[in-house]
Amino acid sequence: MIEITGCSRIRARVGVPGDKSISHRAAMIGAIAEGETILANFSPGADCLATLDCLRALGVAIECPPGRVSIRGVGLSGLREPADILDCGNSGTTMRLLAGILAGQSFVSVLTGDASLRNRPMGRIIQPLRRMGATVDGRENGSKAPLFIRGPSPERGCGLLPLRDYTLPVASAQLKSCLMFAGLYARGTTTLLETTPSRDHTERILRLFGAKVRATGGSIGVDGFPRLQARHLEIPGDISSAAFWLAAAAISPGSEVLVESVGLNRLRSGFLHALRRMGCPVEVSPAKDGWEPSGDVRAVGGTLHGIEITPEEVPSLIDEIPLVAVCAAVARGKTIVRGANELRHKECDRISAVIENLTEMGVPCGETPDGFWVEGVDRLRGGFIRTHGDHRIAMAFAVAALAAEGETVIDDADCVSVSYPGFFEVLGRLSESDSAGRVPGHGLD
Ligand code: S3P
């Protein structure tokens, strides 16, 4: 539990932890590459640490000296059967992506997680992995974790069957990445069809490590059994973590926040466009265009107005939608979010959590099956926030609390550690800041 009181304005320069999505992928690909992969600015969140622990249990030597992670890759076929169940904690990315790799192994593995993760839909990965020839099952008729996974045995000929022109039934980067990873263990080329593009970190990192990945017009092809070569990478700051501080500035007139070295992949930066459309000046500079583009992002607080979020743009800001709701709560007019049904299957049902908590803060709003509407108010009212153990709900409403009258209590402060340990320390310093002082990010050291 944590209490937060409103503050007048924020002026700060902030660093954020390394990108969570990229950290998961880089660690998993490093584990099945040949040689030592070194990852600087690896995400310190419990989700990514769960990925490292699972990889260790699969026989991969991983060390975490200050500021980086070193992974001794075992090669595509070097993973070992784990002696126990693999615990993915709260992390959907760990479970879904690792399942793709494990589907290609001839040994047995069982993946579990906390109560939230065990309630999330897994049928979307189980069905296509079965089509590729893996034995995969789960609770509730193969739709929920724990998951049991065994890939093809050597006697059945080496490798999985490639999926050909498989249309992804949901716009999910986790599903896409799971199948791309399984595709590394398939005899031939796996082709996936995406109707709405989702984050392409897997495509980028796999290419960087030497895999053959072709992505054209919504079709993604990955060749089986590539030779993956270890790399040394600097992981950019997490735009989903930066979004909290940008929103904190946006909802408070006279505020200004600069977040340094943030990943700016265009399939992840929908929140910056949404903020601009709401009337918030957002500047990006200088954009480095490496294997993942990155740069500094500045947002300035002022008057916001309501916008509409369309189904097509949802994947580019899926994790930032609770923050869109918080910005909408102080914007002039109405904001409508459509096509965001996936939010019901995150760490909690984020549509109902957003509506429950905005209502508590005195904001007129309502839910629809695949989204919600919010009518902005002049001033938020402090209240009791129910996070449902969901880190992004906790952090979004902690930001809302900064702009609220009176005190806000967040029922669970610890849940933020899955993606952003140290979030509340930064928030505390930010709410006292009226200077251009730098608030450091939090690395593994
Ligand atoms: C993620 C993809 C998104 C996002 C999640 C991380 C990833 O999920 O919500 O926090 O790293 O691939 P979906 O792709 O399942 O929507």
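**Entry 1: contacts.** I looked up the contacts in the chain with a separation of 6 or more and found that residues 24 or more positions apart account for 75% of them; contact here means heavy atoms within 4.5 Å.

**Entry 2: basis.** I note that the model is predicted, that local features need pLDDT of at least 70 and side-chain atom pairs pLDDT 80 or more, and that totals for chains, interfaces and linings use all residues. Residues are numbered from 1 along each chain as its sequence is written, and side-chain values use heavy atoms, without hydrogens and water.

**Entry 3: fold and extent.** I find 13 helices and 26 strands in the chain, taken as DSSP runs (H or I, at least four residues; E, at least two). The radius of gyration is 21 Å, close to the 22 Å of the globule rule for 445 residues, so the chain is as compact as a globular protein of that length; the radius is taken over C-alpha atoms, and the rule is 2.2 Å times the number of residues to the power 0.38. The C-alpha trace spans about 70 × 45 × 40 Å along its principal axes.

**Entry 4: burial.** Of the 445 residues, 59% count as buried (under 20% relative accessible area, 1.4 Å probe, protein chains only).

**Entry 5: cavity.** I searched the whole structure and found 1 cavity of 30 Å³ or more, a cavity being a set of points on a 1 Å grid over the protein atoms alone where a 1.4 Å probe fits but cannot get out. About 50 Å³ of space lies in the largest cavity, the volume being the space filled by probe spheres set on the points, which are joined across faces, edges and corners. Its lining residues (an atom within 4 Å of a point) include D19, H201, R268 and E292.

Notes:
1 Å grid on protein atoms, 1.4 Å probe; cavity = no way out; pocket = protein on both sides within 12 Å on 5 of 7 lines; lining within 4 Å. Buried < 20%, exposed > 50% of the residue type's maximum accessible area, 1.4 Å probe, protein only.
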